[in-house]
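Please examine the sequence and the structure shown below. The report that follows takes up the ligand and its surroundings, and then a number of individual residues.

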Amino acid sequence: MPKSSSPAHVETLRADLNALNRLVEISAMLASTLDLPPLLNYIMQAATEITDAEAASILLVEEGSDELRFAAASGTDAQGLIGLTVPLEHSIAGAVLMRRQPCIIPDVSQHPRHFQRVDRLIDFHTRSILGVPMVIRDQAVGVLEVINKRRGQFGNDDVRYMTLLAMQAAAAIRNAQLVRSLEKAYEDLKQLHKLKTDFIAIASHELRTPLSVILGYATFLREEAQGEISEHAETVLNSALQLSNLIESMTNLRYVVMDDTELAFQPLPLSDLLSEAYRETLPLAQAKGQRLEMREPPSPCYIRADRAPLLLALTNVLHNAVKFTPEGETISLSAERSGDEAWITVSDNGIGIPPEELERIFEAFYQVGDPLTRRYGGLGLGLTIARAIVERHRGRIWAASAGPNKGSRFTLALPLLPSQQEGQHHQ
Ligand code: ADP
């Protein structure tokens with residue numbers, strides 16, 4: 001230690017070192033908190049501690065206004081301050097922020113900008129203030145103030161510590177604000193999504209009753225009436241059936257938002273799934289003069305499935321094959337083991353799918369080609385629903401095609417149940 005150092009000098013150095021050490025600790029703490037209220041409290045506590053002040057407050061910039069809002073304050077009765085706004089123009093904090101300069105006011109009562117409403121409000125006597133701007137990447141976040149130094153006046157060291165603290169605080173507050181607004185946006189989106197799903201569920205439910213009346217009446221007329229009326233009834237019936245299919249797809253959209261707990265999984269023989277899907281599709285294929293072939297897996301295998309939704313996923317794919325394949329052609333449905341998965345394949349030799357569309361067709365409401373033509377009808381939901389259901393079964397679904405008019409092949413890969421469970425099932 002140099003001989004010239006006086007004890008007072010050493011004491012100042014030691015205090016400086018302590019304060020800087022404390023600042024390093026504080027910055028580590030600030031970087032690890034993303035929750036705004038505790039973060040603000042911690043900043044105020046740190047500020048009063050390193051400047052030996054009686055109280056502190058944090059004013060944050062009000063987005064889109066020319067005011068600052070008290071976001072946190074310490075000292076007697078300080079809670080009454082939270083939410084209070086002060087104008088940028090006629091306040092000390094406003095001046096600090098606009099000039100982007102720290103400011104010491106040793107005797108507040110002499111100062112024209114002192115915002116007396118604050119003192120009156122919380123029954124606190126402000127003598128002196130040190131305010132520093134909190135700015136990050138040129139963006140004003142707010143102002144950090146300490147009030148009433150316990151001994152002596154705020155000085156250059158206090159300004160230095162507070163400036164360092166304000167830099168860290170600005171970054172931490174901005175991060176916390178961003179996280180908060182992201183959380184809010186996420187909540188709003190979730191709400192909106194729920195609203196949409198509820199609307200679809202209610203609307204499709206409400207449409208069903210009048211539709212079944214139309215279906216019943218049109219069927220009756222087609223059977224009972226003669227000549228032209230019967231033909232009209234037939235047209236009405238076909239339209240009503242089409243509408244009924246659309247409503248069905250809308251209702252099935254619930255599978256897209258459903259979570260796993262809503263599914264009832266059970267061991268299911270793969271061949272049961274295949275033959276049921278085959279039975280459901282056969283009348284459609286026959287109506288278009290198509291052949292529907294089925295090849296079952298060579299040895300029995302089991303998957304863990306909720307039968308009805310998985311059947312829906314597979315029939316959606318099969319119905320597409322029928323729809324997008326010309327009359328008289330062949331559709332084939334087959335299944336085989338592939339490692340620890342069952343691969344169910346639906347192939348057709350229909351209109352095919354361009355390579356760049358192979359993934360997009362799984363998006364909701366997406367159809368290949370001009371959406372205005374909608375030549376084949378449908379809502380573009382069948383594959384979205386199929387994928388959601390298959391994924392709930394821990395499986396995958398994808399499409400392959402050699403291109404337009406070269407047919408398509410859809411594969412559903414589902415995890416096979418381990419053989420012991422199959423064994424149990426056979427007993
Ligand atoms: P939708 O059949 O109601 O239009 P999907 O989600 O089931 O809705 O299918 C989306 C789109 O994928 C279809 O509109 C069609 O363009 C294309 N697509 C699906 N299956 C086939 C297929 N087997 N062959 C050719 N294109 C297909």
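## The ligand and its pocket

The ligand sits in the largest pocket, where a pocket is an open set of points on a 1 Å grid over the protein atoms alone, with protein on both sides within 12 Å along at least five of seven lines, traced with a 1.4 Å probe. A molecule counts as sitting there if more than half of its atoms lie within 2 Å of the grid points of the pocket. This is a predicted model, in which local features need pLDDT of at least 70 and side-chain atom pairs count only at pLDDT 80 or more, while totals for chains, interfaces and linings use all residues. Residues are numbered from 1 along each chain as its sequence is written, and side-chain values use heavy atoms, with hydrogens and water left out.

There are 20 residues around the ligand, and of these Asn320, Asp348, Gln367, Val368 and Leu383 come nearest; a residue is counted as near if one of its heavy atoms lies within 4 Å of the molecule. By class, this shell has 11 nonpolar, seven polar and two charged residues, with Ala, Val, Leu, Ile, Met, Phe, Trp, Tyr, Cys and Pro taken as nonpolar, Asp, Glu, Lys and Arg as charged, and the others, Gly among them, as polar.

## Elements and contacts around the ligand

Helix α9 (307-323), helix α10 (382-392) and strand β13 (408-415) each supply at least two residues of the shell, and the largest share, three residues, comes from α9. Helices (H or I, at least four residues) and strands (E, at least two) are DSSP runs, numbered from the N terminus.

An N or O atom in the side chain of Lys323 is 3.1 Å from an oxygen atom of the ligand. For the backbone, a polar atom of Gly380 is 3.0 Å from a ligand oxygen, and a polar atom of Leu379 is 3.3 Å from a ligand oxygen. The protein covers 96% of the 530 Å² of accessible area that the ligand has on its own, as computed by the Shrake-Rupley method with a 1.4 Å probe.

## Two residues with positive phi

Arg100 has a positive phi of about 55° although it is not a glycine, and this residue is found in the loop between α3 (92-99) and β4 (103-105). Because its relative accessibility is 37%, Arg100 counts as partly exposed; here buried means under 20% relative accessible area, exposed over 50%, and partly exposed in between (1.4 Å probe, protein chains only).

Asp138, likewise not a glycine, has a positive phi of about 70°. Asp138 lies in the loop between β5 (129-136) and β6 (139-149), and its relative accessible area of 67% makes it exposed.

## Residue pairs in sequence and in space

Val132 lies in strand β5 and is buried, with a relative accessible area of 1%. Val132 and Thr163 are 31 residues apart in sequence, and their C-alpha atoms are 6.3 Å apart in space.

Val257 is found in helix α7 (residues 254-257) and is partly exposed, with a relative accessible area of 38%. Val257 and Gln110 are 147 residues apart in sequence and 64 Å apart in space, C-alpha to C-alpha. Asp107, in the loop between β4 and α4 (116-122), also counts as partly exposed, at 38% relative accessibility. From Asp107 to Arg222 the separation is 115 residues in sequence and 96 Å in space, again C-alpha to C-alpha.

Terms used: Polar contact = N/O pair within 3.5 Å; in protein donor to acceptor, adjacent residues only side chain to side chain. 1 Å grid on protein atoms, 1.4 Å probe; cavity = no way out; pocket = protein on both sides within 12 Å on 5 of 7 lines; lining within 4 Å.
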